[in-house]
Amino acid sequence: MTYIEEYRASIDDPQGFWAAKAQELDWYKPASKVLTQDDQGIHHWFADAELNTCHLALDYHVDNGRADQLALIYDSPVTDQQQRFTYRELRDAVARCAGMLRNHGVMKGDRVVIYLPMIPEALISMLACARLGAIHSVVFGGFAPLELAVRLDDATPKVLLTASCGIEVKRVIEYKPIVDSAIELAQHKPDTCIVLQRPQAKAEMNSERDVDWAQAVSEAPAVDCVPVKGSDPLYILYTSGTTGKPKGVVRDNGGHAVAMKYSMSAIYDMQPGEVFWAASDVGWVVGHSYIVYAPLIHGCTTILYEGKPIMTPDAGAFWRVIAEHRVKALFTAPTAFRAIKKEDPDAALASQYDISCLQTIFAAGERLDPPTYEWLSDSFKVPVLDHWWQTETGWAIAANMHGLEPMPVKSGSSTVPVPGFDVQILDEAGQQIGGNEQGFIAIKLPLPPSCLTSIWGDSERFRINYLETYPGYLYTGDGGYFDDDGYLFIMGRVDDVINVAGHRLSTGEMEEIVGKHEMVAECAVIGRRDELKGQLPMGFIVLKNSTGANPEQVIEEVIAMVRQDIGAVAAFKEALVVQRLPKTRSGKILRKTLRAIVDGDDYVLPSTIEDPAALDEIGALL
Ligand code: COA
Ligand code: AMP
């Protein structure tokens with residue numbers, strides 16, 4: 001089938017299309033109806049089917065000829081360690097981990113928060129939750145106690161899983177004090193906190209809640225998969241919105257499994273048995289989908305890499321992993337490649353390794369900028385494919401469908417909508433707009449399988465944030481356009497979300513934190529362009545005029561506050577004290593204009609501006 005035939009089939013007859021794709025999976029019981037709507041009008045795929053995602057990812061392969069094939073390779077340059085698991089070994093480890101959770105009261109539908117570094121136990125415990133029908137919520141290790149506390153209160157887990165430390169290049173980051181402080185801050189206290197002791201740091205077990213992982217797992221029985229419904233949640237993954245409260249994206253079991261399986265062949269052109277590497281973190285959606293679930297459901301070998309693109313030990317790290325484990329497809333964020341290119345502009349380190357196995361490079365998380373695209377294609381002579389993603393969808397919305405019909409690449413474009421995604425460009429009033437015209441990107445309902453079915457505990461927020469702006473569509477928060485050939489160009493967020501080194505962050509949340517400083521009258525945080533990380537947050541602060549505050553000191557303090565509340569990953573390191581913020585006459589801060597000035601872009605002075613001198617002041621300070 002050509003791309004266009006496949007795409008048309010998915011839009012003209014979504015139910016028939018996805019029913020056919022679902023046949024690739026080993027359901028306990030197929031759905032009686034492929035697509036249903038609940039009483040709130042929300043669509044669900046395969047709602048009354050019965051399955052278990054861990055069965056699809058592990059047991060099915062053990063029982064069908066892959067028991068001795070490698071399922072997982074853990075490669076950790078930061079600890080100088082590697083570990084390999086066959087499908088049988090991984091299934092056994094997961095079954096015991098599930099037994100450990102069961103011993104601590106975890107049942108189907110219970111939540112488990114996972115705050116772990118990139119070690120096998122992260123993937124094992126996610127799959128163990130899936131095995132029990134429990135709902136995991138993984139929290140990225142770079143988040144501070146308060147962020148973890150907010151997630152504990154929202155997800156109300158029975159058990160929290162953690163380790164004694166993570167390792168950032170050479171820096172050992174103790175996790176247990178972060179976890180203790182998060183539990184202290186949270187209203188909801190998990191019953192049990194299971195701690196994996198790593199040799200690099202010893203966690204203090206200082207409460208009756210704490211349990212030693214190694215001992216608990218050694219006492220645990222192996223447990224079997226628990227059947228769940230297609231519409232039962234598999235996980236909650238928190239992502240930044242425009243306010244301080246992160247949104248718990250809820251992903252179901254049935255639709256997710258179908259989309260994961262389909263994407264591995266249609267987008268990534270992977271065959272079972274081949275090696276796939278998503279160099280991301282299990283704390284992000286890319287890690288959930290393409291380190292853990294999709295490669296395993298498809299019977300591939302996945303790589304869990306505890307290291308960085310550079311410094312562990314050098315900018316040849318990725319090429320070493322590819323050569324050593326015979327990786328066929330690499331998927332990472334453009335920022336990782338920019339970091340490598342900066343250190344090794346001629347890609348000389350790559351020539352030290354035999355990377356002839358590498359057939360494709362996929363990029364997502366932010367736009368693949370043309371210079372990075374060109375550097376990659378020139379250096380590695382393999383297709384370099386950008387694809388557009390969101391935590392909300394769990395897989396690519398637009399891509400070059402490499403396994404279906406590879407298309408010519410247009411630098412700067414994520415190519416075409418993935419089958420199932422009816423992507424449209426709308427104007428402010430919700431009218432479709434023509435080719436080459438930039439607008440708001442929306443996806444016509446019904447969404448394809450795997451997309452969010454709610455915000456955890458807040459279906460109203462789901463409706464307001466995503467479904468109300470344009471009735472009949474999902475509002476994506478991204479802007480962009482189609483060119484005359486139907487190629488989609490993503491031009492960035494149209495809200496207060498920024499993308500820092502492939503990490504999605506909320507400037508609104510940063511503003512809330514900065515605004516809490518006793519000497520700050522008001523503030524604005526924007527994302528300014530950065531050559532390495534894509535964007536970096538930058539603050540503009542107006543001080544209360546009665547205080548006689550020392551501006552340098554306030555800047556230092558607000559930077560520390562953001563790091564303290566969100567975590568190092570926020571990378572908020574730059575702020576300016578100004579006399580006033582540029583605003584419209586109705587009091588709206590002109591963030592877009594502010595961004596243009598900081599980035600040195602052309603801009604038209606908004607006719608609604610209250611005081612143009614505010615812009616002159618900022619221009620002079622930069
Ligand atoms: N645990 C604790 N701290 C973490 C962390 C984690 N898991 N991940 C990052 N941090 C810390 C870093 O140590 C750094 O702290 P610092 O300010 O004290 O130096 C801060 O958070 C910012 O980290 P990062 O954004 O990773 O920047 P960096 O300068 O350390 O590294 C890159 C730059 C480009 C090498 C790195 O960002 C990278 O590998 N990016 C790829 C991102 C990616 O894979 N995204 C997934 C989407 S597909
Ligand atoms: P996340 O939910 O963390 O995956 O971040 C999603 C956001 O990252 C999107 O809304 C986009 O703004 C941005 N993004 C992801 N992939 C791309 C891409 N290939 N091109 C442009 N922007 C992207």
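This is a predicted model: local features need pLDDT of at least 70, side-chain atom pairs count only at pLDDT 80 or more; totals for chains, interfaces and linings use all residues.
**Ligand 2**

A backbone N or O atom of His 387 sits 2.7 Å from a nitrogen atom of the ligand. Next I checked Gln 390. An N or O atom in the Gln 390 side chain is 3.0 Å from an oxygen atom of ligand 2. Then I looked at Thr 391. One of the polar side-chain atoms of Thr 391 lies 2.5 Å from an oxygen atom of ligand 2. I also looked up the cover. On its own, ligand 2 has 490 Å² of accessible area, and the protein covers 94% of that.

I listed the surroundings too. I found 15 residues around ligand 2. The closest are His 387, Thr 391, Asp 478, Arg 493 and Arg 504. By class, I noted 6 charged, 5 polar and 4 nonpolar residues in the shell.

**Arg 504**

I picked Arg 504 from that list of closest residues. I placed Arg 504 in strand E29, residues 503-506. Is Arg 504 buried or exposed? Arg 504 is buried, because its relative accessible area is 12% and the cut-off for buried is under 20%.

I followed its contacts next. Arg 504 touches several residues beyond four places away in sequence, including Thr 239, Lys 247, Thr 391, Glu 392 and Arg 493. With Glu 392, I found a side-chain polar contact of 2.8 Å. I also checked Phe 143, which is 361 residues from Arg 504 along the chain. Their C-alpha atoms are 12 Å apart.

**Helix H10**

Last, I turned to H10, residues 285-297. I counted 13 of its 13 residues as buried. Just after H10, I noted that Gly 299 has a positive phi of about 80°.

Notes. Residues are numbered from 1 along each chain as its sequence is written. Chains are lettered from A and ligands numbered from 1 in the order in which they are written. Side-chain values use heavy atoms; hydrogens and water are left out. Buried means under 20% relative accessible area, exposed over 50%, partly exposed in between (1.4 Å probe, protein chains only). Helices (H or I, at least four residues) and strands (E, at least two) are DSSP runs, numbered from the N terminus. A residue is near a molecule or strand if one of its heavy atoms lies within 4 Å of it. A polar contact is a pair of N or O atoms within 3.5 Å; within protein, one must be able to donate a hydrogen and the other to accept it, and residues adjacent in sequence count only if both atoms are side-chain atoms. Accessible areas come from the Shrake-Rupley method with a 1.4 Å probe; for residues, only the protein chains shown count as cover. Ala, Val, Leu, Ile, Met, Phe, Trp, Tyr, Cys and Pro count as nonpolar, Asp, Glu, Lys and Arg as charged, and the others, Gly among them, as polar. Contact means heavy atoms within 4.5 Å.
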